Structures are given as C-alpha cells and as structure tokens.
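Thanks for asking me to look this one over.

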Amino acid sequence: MNEGATPTVAVLGGGIGGLSAAQELGERGFDVAVYEANDRFGGKARSVPAAFDDGPTLPGEHGFRFFPGFYWHVTDTMARIPDGDGSVADNLVPTSETLIGSVTDDEVVSSTRTPRTPDEWVGQLKPGIAGDGVSGAEAGFFLERLLVVATSCRERVEEEFEAVTWWEFIDADDFSEGYRRNLGRSTQLLVALDPKRASARTVSKIYIQLLRGALDPSLDAERILSGPTSEAWIDPWTDYLDSLGVALHPGHRLTHIACDGRRVTGATVETDGEEREIEADYYVAALPVEVMANLVTDDLVRAAPSLAGIEQLDTAWMNGIQFFLREDVPLAHGHQIYPDSPWALTSISQQQFWDDYDLRERTDGAVGGVLSVIVSDWNTPGMVHDKPATECSPEEVREEVWAQLTAHLDREREGLTEENVYDWALDPALSPTDGGMANEEPLLVNTVGSLHHRPEADTEIENLTLAADYVHTNTDLACMEGANEAARRATNAIVARSGMRADPCEVHDLTEPRVFEPLKRQDEVRYRFGLPHPGEARKNASRLMRRLRPRV
C-alpha cells in the first residue's frame with residue numbers, strides 16, 4: 001500500500017457477510033470491491049425469480065426471512081440503508097401469533113406479543129415449553145436445564161456444554177414421545193440443528209434468546225420483511241453500496257487465494273469462462289463454509305493455523321419451497337410449526353405482510369398468495385414416498401411437503417386444496433441427480449466440539465479476515481446475525497491494521513437476564529475448583545429416580 005493512499009479491500013463473496021463488510025468498510029472510507037459468484041447478491045437471503053411457462057415471474061426464495069428479537073447487528077445495519085423516505089429497517093414487520101399444527105389434535109394458536117396478564121403468560125409459555133404431550137413434570141425438568149445454562153459461567157458453558165449434545169443434555173431418551181417431539185426435536189424446526197448432533201451450548205443459548213424475545217416487552221419476538229427479500233432489502237442495499245463507491249462484481253467465482261506465507265498476495269476469480277487475477281491491500285473472505293473449505297491451501301494454513309479447522313465443520317440442509325396460491329390463505333399472522341412432520345416443516349403465509357407488494361396486481365390477478373415452507377430434516381423418510389427428501393425428485397418433494405402440511409391443518413377450512421395451487425418453486429440451490437437431490441447451499445451446523453474448529457474473524461494472516469457465519473462470534477449460530485457480526489469483527493481488524501482514522505464497529509454480546517449474574521459468579525468459583533454445577537446433581541438424582549420407578 002502506497003503511503004497516504006486509500007487502502008483497497010477485496011470482499012470475496014456477496015452474501016450477508018460480504019455485503020455487511022462492504023457497507024462497514026465503505027462507510028469508513030475504504031476503497032472496496034465485492035466479488036460474488038452468482039448473478040445476484042444476497043447469498044442465501046436473495047430472491048431468485050421463478051419463471052413459469054406462459055405465466056408470471058414470481059419471487060422464489062431459499063426460504064422465508066426470520067428476524068427474532070435478539071438480532072441486533074443485522075437490524076442496526078439495515079437501519080443505515082436508505083429506502084425511500086426511511087430505511088430498510090422500516091420494512092421489518094412484527095408477527096402477532098404462531099400456529100402449531102397437529103396430525104391428531106386441534107391446531108393451537110399462541111401469541112407472539114409480550115404477555116400482560118397471568119393467562120397470557122401461561123399461553124405464551126405453554127406451546128413452547130409444555131405443548132401437546134408434554135407433562136408438567138417434563139416441562140419443569142426442561143426449564144431446570146435451561147436455568148442450568150443461564151446460571152453457568154462462560155467457561156463451563158464453552159467446555160462442558162459444548163461437549164454434549166442437546167439430546168443428552170435434556171435427557172430426551174428418558175422422557176415421553178411428546179417431550180422428544182416438542183422440546184428435543186424443536187431445534188430442528190427452528191434452526192435445522194439435529195438435536196442428536198448439535199452442541200447443547202449452542203442450542204440452549206439460542207433457546208434462552210428466543211424465550212427472552214417472547215417475554216421482553218422491549219423486543220418484538222419475531223419480525224419478517226414486508227416484501228420479497230431482494231425488493232425489501234438486497235436491492236436497496238446494493239444501491240446504497242454503489243452510492244458509497246463500492247464496486248460490485250456479480251458472476252465472479254473465486255477459485256484460488258494466493259499466500260506467500262505471511263500475506264495474501266492475490267486472488268483468482270473466474271468470470272465468463274476466463275480467469276482473472278485481483279489484488280488488494282486487504283481481503284475479506286465472506287464465503288460459505290463448504291466453499292471456503294475447498295479454498296484453504298497448505299500455504300494458507302501455515303500462515304494461519306486457525307484455518308485448518310474449517311474443513312472439520314459440518315453442514316446440513318435447510319431449504320425452502322414456495323406454493324403460489326390462486327386465493328390467499330393467511331393461516332395465522334405469523335409462522336406455522338408442524339412438530340409431527342417427518343421433514344420438520346415450518347411455514348408462513350406471506351402476502352398478508354407484503355403491504356407494498358401485491359401478488360395479484362403483479363400477476364394480472366392469477367396469484368393471490370404465497371405459502372413459503374422450509375424443510376429442515378432431509379434425512380427422515382416421509383409420509384407419501386417413505387424416503388428422505390435427499391432421495392426424492394423435485395416433484396416428489398413438492399408432493400411430500402404438501403401432504404405433510406395438509407395433514408396438520410384443516411384443509412377445507414383453510415383452503416389448502418390442490419385446486420388452489422397455481423404453481424410452486426423449489427429453492428434453486430437444489431438440483432436433481434440420479435440418486436435424488438444435490439444442494440449447492442447447505443447450512444453450517446454447530447455440532448458437538450465444533451466451537452474449537454471455528455476461526456476468529458481476525459486471522460493470523462495480516463491482510464486476511466473472515467466474514468461468514470462459521471466464524472467464532474457471540475451470536476454463535478449459522479444465521480444472518482452471525483454473518484453480520486463476523487463482518488463487523490473483520491472490519492475492526494482491517495481498521496486497526498490499516499491505521500485508518502475510523503471508529504470501530506459496535507459488537508454486542510447476547511443479552512441475558514441480569515438476575516442470573518450473581519449465580520454465574522458463584523458458578524465461576526465452583527468451576528475453578530473442579531466442582532459441578534448444582535443443577536447437575538439435581539439432574540443425576542432425577543435421572544436415578546426415573547430409572548428406579550417401576551414401569552407399568
């Protein structure tokens with residue numbers, strides 16, 4: 001870098017992490033260029049137009065966008081993106097309820113608004129903690145396990161709870177099927193984390209944050225966008241980056257990162273079938289974990305040993321399908337959860353939230369609504385074809401998802417009939433193969449022990465940082481919030497190393513109830529002396545009593 005020259009930064013990847021880094025760096029006066037493999041920016045969050053024969057082009061998505069109350073970083077970024085007379089953050093709208101479907105019982109609708117009366121508090125907690133088939137004793141035990149995490153010191157959480165699965169942590173095998181379905185397997189419905197593989201540390205921390213969002217009057221428990229993702233967020237974002245002078249290069253796939261043992265010396269991208277070399281003073285790798293793992297060379301690992309753990313990180317599938325309906329079917333003013341579904345389905349009827357995006361106006365009256373569904377379990381056999389989603393064709397996935405949805409709902413009352421389906425669109429990251437399905441965009445999963453394989457955003461290589469959801473962050477989850485936090489950490493490292501006079505980005509920790517702080521400090525002392533958390537002794541006693549109890 002020449003003395004006095006503006007530092008140049010190459011952001012490798014144009015998903016949420018890459019665009020977040022570009023915004024933070026651009027606002028601080030860096031000369032930024034973003035290189036994205038796809039022809040559209042936004043990564044998994046982008047909208048992908050679904051074109052139908054002799055019909056309209058409709059907004060396909062990887063899945064619906066979900067902004068829980070604990071998201072702070074990404075919503076702060078959105079508040080700085082102009083959109084009309086306001087900001088993109090104005091396009092976030094709260095939900096008011098959640099519908100829990102069942103194949104055997106009536107649907108349950110619970111409020112997502114902050115409870116104000118004792119009855120509302122019970123109603124708020126019951127679906128998530130004591131749902132259908134969960135006894136009071138089981139719900140009490142589950143809450144005790146969450147309290148153990150909430151009152152444990154950071155060292156215990158990161159060492160002991162990182163070493164066990166969520167399934168083991170909550171003793172799922174010792175309880176009823178209702179307990180396993182509603183409380184054990186619920187992680188897969190929420191964040192595609194297999195409870196038998198996911199770290200108890202990650203799941204319990206996110207569970208506490210989701211409960212906090214539901215009960216804290218200062219937060220909206222759930223928010224979604226007021227239109228398709230690209231229209232409500234990504235397009236205004238790229239316009240803003242352009243106004244900052246950020247150069248955006250779609251259709252540029254990264255193929256190599258060169259390193260001389262101390263610094264990154266360049267990167268190779270492929271565009272229009274030809275390779276091109278790019279050089280910059282600093283590089284931000286904002287790539288999905290499975291892509292970055294294939295780019296980590298021996299030279300990079302020698303210079304930054306923390307990068308070696310990336311190939312140890314695991315992924316799972318969490319992809320969406322949209323059903324475009326002739327007549328809108330709102331279902332509920334919020335999300336729908338289907339605990340009995342083999343494929344761990346969740347959905348939301350979106351037109352009711354899209355104030356400025358009327359599907360009927362944009363399709364000459366042909367389409368009135370869209371039901372967006374996410375499939376989080378791709379490895380369990382389904383109801384119709386008795387095989388996992390990974391082994392199905394796109395048409396079989398569509399048939400299976402529709403069957404599982406309608407089995408949970410009153411089809412006639414809700415209007416979920418085949419005659420009402422105009423068409424459907426499967427996430428374009430999925431493609432058929434001879435054996436079923438391939439997925440170009442899987443999702444990182446926080447498996448047991450994976451924390452120790454996750455690098456910091458600030459790598460040992462002086463001009464390379466990371467801005468992706470696999471980075472070690474406070475958010476600690478493969479989500480937009482985690483990617484944005486990583487981008488802020490990457491920006492802070494570049495600001496510090498470059499000597500640019502710029503304020504660092506704000507980075508927040510997850511907020512937990514202050515009432516637990518004295519108990520955390522007490523547990524810190526116990527941990528230093530090698531003593532277990534008091535709750536573990538209670539758990540062991542409870543487990544012993546259950547196993548001694550005669551079975552009838």
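**Notes on the model**

1. Let me start with Val246. Beyond the four places in sequence on either side, Val246 is in contact with Ala22, Gly26, Val32, Val34 and Leu241. Please keep in mind throughout that this is a predicted model. Val246 sits in the loop between helix H10 (229-243) and strand S12 (247-249). With a relative accessible area of 3%, Val246 falls under the 20% limit and so counts as buried.

2. Glu24 deserves a visit next. Helix H1 (residues 16-27) holds Glu24, and this residue is buried, with a relative accessible area of 2%. Setting aside neighbours within four places in sequence, Glu24 is in contact with Thr77, Arg80, Arg488, Thr491 and Cys505. With one of these, Arg80, the side chain of Glu24 makes a polar contact of 2.7 Å, side chain to side chain.

3. What kind of link do the side chains of Arg488 and Glu24 make? They meet in a salt bridge, at 3.9 Å from N to O. Arg488 belongs to helix H16 (residues 480-498) and Glu24 to helix H1, so this pair ties together parts that are 464 residues apart in sequence. Arg488 is buried, with a relative accessible area of 2%.

4. The salt-bridge count for the model comes to 31. Another one to look up joins the side chains of Arg154 and Asp509, at 2.8 Å from N to O. Here Arg154 is in helix H5 (residues 154-159) and Asp509 in the loop between H16 and H17, so the pair ties together parts that are 355 residues apart in sequence. Are these two residues buried or partly exposed? Arg154 is partly exposed at 46% relative accessibility, and Asp509 is partly exposed at 40%.

5. Helix H16 also supplies Arg497. The side chains of Arg497 and Asp458 meet in a salt bridge of 2.2 Å, N to O. Asp458 is in the loop between strand S25 (443-445) and strand S26 (464-466), while Arg497 is in helix H16, so the pair ties together parts that are 39 residues apart in sequence. Arg497 is partly exposed, with a relative accessible area of 31%, and Asp458 is partly exposed too, with 42%.

6. Now for the aromatic side chains. There are 17 aromatic pairs in the count. Phe142 and Tyr179 make one that is edge-to-face, with 6.5 Å from centre to centre and 80° between the planes. Phe142 lies in helix H4 (residues 136-150) and Tyr179 in helix H7 (residues 177-184), so the pair ties together parts that are 37 residues apart in sequence. Both Phe142 and Tyr179 are buried.

7. Tyr179 has a further ring partner in Phe175: the centres are 4.5 Å apart and the planes stand at 40°, so this pair is tilted. Phe175 is buried, with a relative accessible area of 13%, and Tyr179 is buried with a value of 0%. Ring pairs link Phe141, Phe142, Phe161, Trp166, Phe169, Phe175, Tyr179 and Tyr207 into a cluster.

8. How many of the eight residues of H7 are buried? Six of them are, and the helix is mostly covered. The buried residues in H7 are Gly178, Tyr179, Arg181, Asn182, Leu183 and Gly184.

9. Leu210 is in helix H9 (residues 200-215) and counts as partly exposed, at 25% relative accessibility. Between the C-alpha atoms of Leu210 and Thr98 there are 13 Å, with the two residues 112 apart along the chain.

10. Last, a look at the surface. Val525, Phe529 and Leu531 form a nonpolar patch there, with about 320 Å² of accessible area together. Leu531 is placed in the loop between helix H17 (517-528) and helix H18 (534-548), and at 39% relative accessibility this residue counts as partly exposed.

Technical notes. Residues numbered from 1 in each chain as written. Predicted model: local features only at pLDDT ≥ 70, side-chain atom pairs only at ≥ 80, totals over all residues. Heavy atoms only, no water. Patch = residues over 30% accessible without salt bridge, like charges linked within 9 Å, V, L, I, M, F, W, Y side chains within 5 Å. Areas by Shrake-Rupley, 256 points an atom, 1.4 Å probe, with all protein chains shown as cover. Salt bridge = Lys/Arg side-chain N within 4 Å of Asp/Glu carboxyl O. Helix = DSSP H or I, 4+ residues; strand = E, 2+ residues; numbered from the N terminus. Buried < 20%, exposed > 50% of the residue type's maximum accessible area, 1.4 Å probe, protein only. Polar contact = N/O pair within 3.5 Å; in protein donor to acceptor, adjacent residues only side chain to side chain. Contact = heavy atoms within 4.5 Å. Phe/Tyr/Trp six-rings, centres within 6.5 Å; stacked < 30°, edge-to-face > 60°.
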